[in-house]
Amino acid sequence: MSYSLATLWYERQRYLPGVLAVGFSALLIGLQCGLLLGLFSITSMPIDNSKADVWMGAPGVLSVDLGRPIRESYISRMAAQPEIERCEIFLQGFAYWSKKDGGTELCLVVGSRLSDDSLGVNPRLTAEDRLRLTEPGTVIIDESDKDRLGVKALYDVAEVSGVRVRVVGFTTGLKSLAGPYVFCSVATARPLQRLHPEQATYVLGKCKNPEDAAQVVERLRAEYDNISAFTKTEFSLHSRLHWVMKTKAGVALGYAAALGLLVGAVVTSQTLYAATAASLREFAVLRALGIPRWRMAVLVMNQAFWIGALGITLALPATYGLAAVADRLGVQILLPWWLLCGAACVTLIMALGSGLMALRSLRDVEPATLLR
Amino acid sequence: MHDDVITLKGEHLSRSFGEGDKRTTAVDNVSVDLTAGQMALLMGPSGSGKSTLLAILSGLLHPDSGRVLALDQDIWAMSESQREQFRLQHCGFIFQGYNLFSALTARQQLELVVRWGEGASRREARRRADEVLSLLDMGRRADMRPGQLSGGEKQRVAIGRALIKDPQLIFADEPTSALDWAHGEDVIKLLRNAAHDRGATVLIVAHDARIVPFADRVFYLEDGRMVEDDDSPHGPNPPARLHLHRSPAH
């Protein structure tokens, strides 16, 4: 066992606050980022739930719910790609829902093909739901949005963008963020979104081999400058990040994460400083024996690394545990591997930075002080 | 025989502390020379400047004037890093407290010196540490941490830490002050063996006059000045001057 690890283990009571502080930092960063990702995954839900590998929309599209109209005929561009197995149009956009008893509510109209093999249809819509939606002017909303949209029962009517719609079903568990989801057919969605008959918001494509999606996207981008193209994963992240930034949630996240890191850095630095200061006489003997100061600095940095690594190791199961608890409470926390790796890296860098700060205690190592 | 080879020579060494009216002279124009294979004892009352003289001779404290020739090299004409390198290659230190890392075993305390100092491999460091610990009769205590060792054993480990580099110059500051005489005597014998068997030059600073019979040479310092230099203290009685000034036995 290395000297730094041996010291950490033997004097674990002394180093425990540092390890816990690092763990706390990693936990805070991981959970907060995961919470935001989870929150904004509501935005990217239509992408994540689709069977499409490639999404094509208007140029510079910021998020899936902020798509602008494109020509339906662009579907031929997607269809022309040799890797594409099949493709279809998809409509999504904000509209005003006028309640029966007065008042309006912003809603998000989602219009997709309704067949069994539809790429864009939400999988929570049952076969029966999809059959009902084939009737023009029918929509389905989520149970949780009934009050918000002033819907009391099945077959209630309302107006969207001045067009009369009838509610023919309810989904469950589909959370909304900016406005309730309103599902319908492509034909119903067009007037609700004030689109012309030859317009759509997106063209979705399914690859014969999903691994080819990036290649298709690259080619579409190169060939056409009046569209934007994304793989499913890219577009999902792109949409979520847009909302993280637009709502300033990213700034809030940055502040909270910086605060967590600061707490971790101060506690870790002080722990290491105190531990090093407590061994000044021992270090002074080594200095007298001619051991260079950098060797002791490496020891302190080693300890900082192990404090970081141990803290992260503790934080990992705690993060998963708390995410599971949050999930039971209905709050989704997404913890993709890259997020956890990022949180671990930032925390480890913080721990090493704390080690660097603690190195100042080594300046006091003076062998002559041992001679009284 | 090593007796005629001068390994450590201090010439007209002086060192003061403080400024203006509060300035005190700790070492005042002291000259001294020590030879290989010799265990020298530097005695004097508290505040006499003996620890300061040891620090100057060992390259830990810069003198105001004078020079120190250690193994024919003027150590105070060297750069800081050269002096550090010199100490690494040639000097061993034993201090009043044991100053051992509480988390490390006796073996690790010794290994650390050669691994960090000489870049020795883990295996080589372990072999040398075990060898020195065996010589100090500490072989069976090699895996113990300081908290599990007696005061005498801890001082043996501290001596082992000084000896593992096989230094030509060994400096010890009050190495027996925290020990009862039985253990203190052991420590002094070990240091004398280092001088006589290994040919090292050993300089001990101490209060305890019971060490005198073991020393090859005794210096007496008072108010920063060398007042006695007895190079034949092997008889049963220490010099009369030492009787007058010695500290009470521990």
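A:Leu37 is buried, with a relative accessible area of 7%. In this predicted model, the residue belongs to helix H2 of chain A, which covers residues 12–48. Contacts of A:Leu37 beyond four places in sequence are made with A:Arg240, A:Leu334, A:Pro336, A:Trp338 and A:Leu339. A:Arg240 is 203 residues away from A:Leu37 along the chain, yet the two C-alpha atoms are separated by 6.9 Å.

Two of these partners, A:Trp338 and A:Leu339, also take part in the contact between H2(A) and H12(A). Helix H12 of chain A comprises residues 337–358, and its axis comes within 9 Å of that of H2(A), with a crossing angle of roughly 150°. Since angles over 145 degrees count as roughly antiparallel, H2(A) and H12(A) are therefore assigned to that class. The crossing of the two helices is right-handed. On the H2(A) side the contact is formed by A:Val22, A:Ser25, A:Ala26, A:Ile29, A:Gly30, A:Cys33, A:Gly34 and A:Leu37, and on the H12(A) side by A:Trp338, A:Leu339, A:Ala343, A:Val346, A:Thr347, A:Met350 and A:Ala351. By class, 11 of the residues in this contact are nonpolar and four are polar, with no charged residue present. An α-helix has 3.6 residues a turn, so residues three or four places apart point the same way. Positions including A:Val22, A:Ser25, A:Ile29 and A:Cys33 belong to the H2(A) side of the contact.

Among the contacts of chain B with a separation of 6 or more, 68% join residues 24 or more positions apart. Helices H5 (residues 151–163) and H6 (residues 181–198) of chain B pack with their axes 9 Å apart, at an angle of about 15°. H5(B) and H6(B) are therefore roughly parallel to each other, and their crossing is right-handed. H5(B) contributes B:Gly152, B:Gln155, B:Arg156, B:Ile159 and B:Leu163, which meet B:His183, B:Asp186, B:Val187, B:Leu190, B:Leu191, B:Ala194 and B:Arg198 of H6(B). The contact of H5(B) with H6(B) consists of six nonpolar, three polar and three charged residues.

Helix H1 of chain B (residues 50–57) is mostly covered, with eight of its eight residues buried. These are B:Lys50, B:Ser51, B:Thr52, B:Leu53, B:Leu54, B:Ala55, B:Ile56 and B:Leu57. Just after H1(B), B:Gly59 adopts a positive phi of about 85°.

Helix H10 of chain A (residues 280–288) is likewise mostly covered, with seven of its nine residues buried. The buried set consists of A:Glu282, A:Phe283, A:Ala284, A:Val285, A:Leu286, A:Arg287 and A:Ala288. In chain A, these residues pack against helix H9 (249–278) and H11; in chain B, their partners are helix H2 (80–90), strand S6 (91–94), helix H3 (106–118) and H5. H10(A) is followed by A:Gly290, where phi is positive, near 95°. Helix H11 of chain A runs over residues 293–328; at 1.5 Å a residue its 36 residues should span 52 Å, which agrees with the 53 Å between its end C-alpha atoms.

Most residues other than glycine have a negative phi. A:Ser161 has a positive value, with phi near 55°. This residue lies in the loop between strands S6 (157–160) and S7 (163–171) of chain A, and at 15% relative accessibility A:Ser161 counts as buried. B:His12, which is not a glycine, has a positive phi of about 50° and is located in strand S1 of chain B, residues 6–17.

A:Glu72 occupies the loop between strand S2 (70–71) and helix H3 (75–79) of chain A. With a relative accessible area of 27%, A:Glu72 is partly exposed. Apart from neighbours within four places in sequence, A:Glu72 contacts A:Ile89, A:Arg190, A:Pro197, A:Glu198, A:Gln199 and A:Ala200. The C-alpha atom of A:Glu72 is separated by 8.4 Å from that of A:Tyr202, which lies 130 residues apart along the chain.

Note on methods:
Residues are numbered from 1 along each chain as its sequence is written. Chains are lettered from A and ligands numbered from 1 in the order in which they are written. This is a predicted model: local features need pLDDT of at least 70, side-chain atom pairs count only at pLDDT 80 or more; totals for chains, interfaces and linings use all residues. Side-chain values use heavy atoms; hydrogens and water are left out. Axes are lines fitted to C-alpha atoms, for helices over the stretch in contact, and angles run from 0 to 180 degrees between N-to-C directions. Helices (H or I, at least four residues) and strands (E, at least two) are DSSP runs, numbered from the N terminus. Angles under 35 degrees count as roughly parallel, over 145 as roughly antiparallel, 65 to 115 as roughly perpendicular and the rest as oblique. A crossing is left-handed if the near helix is turned anticlockwise from the far one by less than a right angle, and right-handed if clockwise. Contact means heavy atoms within 4.5 Å. Ala, Val, Leu, Ile, Met, Phe, Trp, Tyr, Cys and Pro count as nonpolar, Asp, Glu, Lys and Arg as charged, and the others, Gly among them, as polar. The expected span of a helix is 1.5 Å times one less than its number of residues. Buried means under 20% relative accessible area, exposed over 50%, partly exposed in between (1.4 Å probe, protein chains only).
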